[in-house]
Amino acid sequence: MLQLLKNKAAPLSKMSCGNIKCFEGPGIGSLIQNAGRLNILYFAIQDFPTLSAMYGPEWAEHLENEIKKYILIEGHTNFHHDDFHIFSFNPGEFLLLDPSQILNDSHLQEIAYQFKVNIENNVKSDQIGRTGNSITINTGHSFFYAAQSNDQLWSGFLSSMGEARLEAQKNIDISKLELSNEFCDILIQGDIRCHYQPIVDLGDKTIHGWEALARGPLNSPFRSPLTLFDMAEKLGKLFPLEKSCREAAISSFGEHRPQHKLFLNIHPRTIVDPNFTSGETKRLLEMYDLKPGNIVFEITERHSVKDFKTFRKTLDHYRNQGYLVAIDDAGTGYSGLSSIAEIKPDYIKMDKSFIDDIETNQVNRAIIDTFTTFSEKIGGKLIVEGIETQSQALTVIDMGVHLGQGFFLAKPAKEKPQLTDSAMNLRKSAEISLNSSTYGIPVKNLVNKVEYVESNTAVPLVQQLFAQNNSISSVVVVHNMIPCGLIMEYNLNKHLSGKYGVALYSNKPIKSIMDDGPLIVDLETTVENVSQLAMARSRKKAYDDVIVTWKNQLMGTVSVQRLLDTLASVQVEMAKGTNPLSGLPGNLDIEKEIDRRMKAHEKYSIIYADLDNFKVYNDTYGFKNGDKIILQISKIISWATRKHGSTGDFIGHIGGDDFVMVTTPTKAERICKGITRCFKRLAKYNYNKKDSCEGWMEGKGRDGSISKFPLVSVSLAILDCEPEQTLMEIGEHAASLKKWAKSIEGNCWVRERRKR
């Protein structure tokens, strides 16, 4: 926590230390008094006063905290000891004091530059997301020697700090740094290595492709790709560096399947460089048994495209040769949705910042959900980066995200890594067993973020939190992020509203009046169970917020009102149990029916029905006519099942144009024949006279091009099931069977018998 430095060192008692914030270590007075020599690194956020006025104090404090965090990280990385200290004299300025005796001027300048590059890159994603712009860090360095009288210590230190500040205001000539010579040597020698990180199909947990990540030599500042590419950009050597990286990635790629993809990071300026010739890349691909269809040019959105027209033409040129395109860091850069839609990338990669708190962050969930739908509509796939935990992986899988990348799935490695055991076992942990009688919604779907404080926080500070944010009704009290109490606003006001309330609690910690026995539940607890626990509390606490945790760590809260609203909505749907359009039972009843047949140890057949070319019809003739076709097929399915099926057969409406029938194996084929024959006769009456006579219609395909499409038809897939099969297994077999059925043109049915 930031705190005002109070320097009490006797020999320096006359110092005017000003408003110094001590982030790390002892007071600055004792430090400069006892040091023989101090290395000084100075960092300043360029134009910080102006930016603070534009974006406000909350933005400024957040940025300062982020930069301070990364200075600490860089300090531990570069100095290999923990004796350095960080101070701040003015807003937007940071001072790192290092008592090491071994650094010379040149070495210190190199370290200052590395700090600058890594800090700027680490905060870039967050800042572009918040303001649309990146920030610049100015850096300088100097030395301070304490071999002088006490009277001169402070003035000497201020003079050294002034030297560092003046240097930070100069434009550094990068070419004169020893680092630039080292960089040029790396480029000449081609001393670039590639690590590969899998991009995983979240549907079937298979590897879709690998992203190639450049690495410089070991034990070099250029081991980090951030330093490597920043230096290349400043020296005007971006193209030769990317060429070297591309060659290293392709030559080391090794064995692969024909469908696997290799994702290569490309700067937007590089791809429009005349030297970026397709022939050179193609020759390299042929040497290593790769085709353009295996290569995905991953273009970061964090760099603006100044000549979008030329950029678009260049992209089209390479795509016409078979190369694929991915937009990286979507949602955090300069391009808007219109630009992405115009490019129509094959892949959209969401920046890892959107995966943070995805289990509870409703805004990020909505953004990812929107991009998933958006990518499908433009014929692409969404990739979510930064998946680092099992809960994050399960959440994006539940949301229907196409592809994922992150340490939980596999870390980058020199040899193409396979998926981790945890990733491979996701199916088991996420599998829904039909032997369970619980169909409840987990409370994690309702969690809201909450303000929290440590137990020793003063009562007036908590009161101030409520005053500053009218939307919160509670504050959670924590110790090391583990909840230990709850403060409801009404309860705090009750304590402070007495005659001596404010005076009585002005210096007391919040733990003195918090509820130390709040209701705390796990993320996976069902809404029904949480509601029961909440209403079973004493009357005075019945409507207090419920704290939600994951592995004992605070995740957020949920209000009783929201619990009850959700529960009421679920109960209404369960009571109805029907699709509002067709009136047929929905997913919950479908699961119950299959569960019933399993428990009865019956052999049964599931018929999946799906309409072909329905999307084109829906887009061309409108949703109202689309609903008419869905209603028509639902009536045909009901008629055929009643006429040709058995007593007790079940019909369900999964949603949209998907239906399910559960029947006895001997009746399944006759039901399918009845459905296909009847729908074939009636489907043409849903079209205008011209389309009906011609037997086809003109419409837009998924790629946006105008084509001819056959009339809507129905595909049916019969899956014969055994009692011991799980819902997950049934779903997997059904998916491949439905794919087979849909590959056959016209009204059809297929069957697969599962033998045990």
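Me: At roughly what angle do the axes of helix H2 and helix H3 cross?

Reply: An axis here is a line fitted to C-alpha atoms, for helices over the stretch in contact, and angles run from 0 to 180 degrees between N-to-C directions. Helices (H or I, at least four residues) and strands (E, at least two) are DSSP runs, numbered from the N terminus. For H2 (residues 48–55) and H3 (residues 57–79), the axes cross at roughly 130° and come within 6 Å. This is a predicted model, where local features need pLDDT of at least 70 and side-chain atom pairs count only at pLDDT 80 or more, while totals for chains, interfaces and linings use all residues. Residues are numbered from 1 along each chain as its sequence is written, and side-chain values use heavy atoms, with hydrogens and water left out.

Me: What does that make H2 relative to H3?

Reply: Under 35 degrees counts as roughly parallel, over 145 as roughly antiparallel, 65 to 115 as roughly perpendicular, and the rest as oblique. So H2 is oblique to H3.

Me: Which residues make the contact?

Reply: Contact means heavy atoms within 4.5 Å. H2 brings Phe48, Leu51, Ser52 and Tyr55, and H3 brings Pro57, Trp59, Ala60 and Glu64. Sorted by class, that's 6 nonpolar, 1 polar and 1 charged residues. (Nonpolar covers Ala, Val, Leu, Ile, Met, Phe, Trp, Tyr, Cys and Pro; charged covers Asp, Glu, Lys and Arg; the others, Gly among them, are polar.)

Me: Is Ser52 buried or exposed?

Reply: Buried means under 20% relative accessible area, exposed over 50%, and partly exposed in between (1.4 Å probe, protein chains only). Ser52 has 19%, so it counts as buried. Skip its neighbours within four places in sequence, and Ser52 is in contact with Pro57, Trp59 and Ala60. Also look at Pro91: 39 residues away along the chain, its C-alpha atom is 9.5 Å from that of Ser52.

Me: Which residues is Thr372 in contact with?

Reply: Thr372 sits in helix H13 (residues 362–377). With neighbours within four places in sequence set aside, it is in contact with Leu382, Gly400, Val401 and His402. Thr372 is buried, at a relative accessible area of 5%.

Me: Where is Leu461, and is it buried or partly exposed?

Reply: You'll find Leu461 in helix H17 (residues 459–468). It is partly exposed, with a relative accessible area of 49%. Ile510 is 49 residues from Leu461 in sequence, and their C-alpha atoms are 8.9 Å apart.

Me: How do the axes of H23 and H24 cross?

Reply: H23 (residues 614–621) and H24 (residues 623–644) cross at roughly 140°, with axes that come within 6 Å. They are therefore oblique to each other. Phe614, Tyr617, Asn618 and Tyr621 of H23 make the contact with Phe623, Asn625, Gly626, Ile629 and Ile630 of H24. By class, there are 6 nonpolar, 3 polar and no charged residues.

Me: How many helices and strands does the protein have?

Reply: There are 27 helices and 26 strands. Of the 756 residues, 50% are buried.
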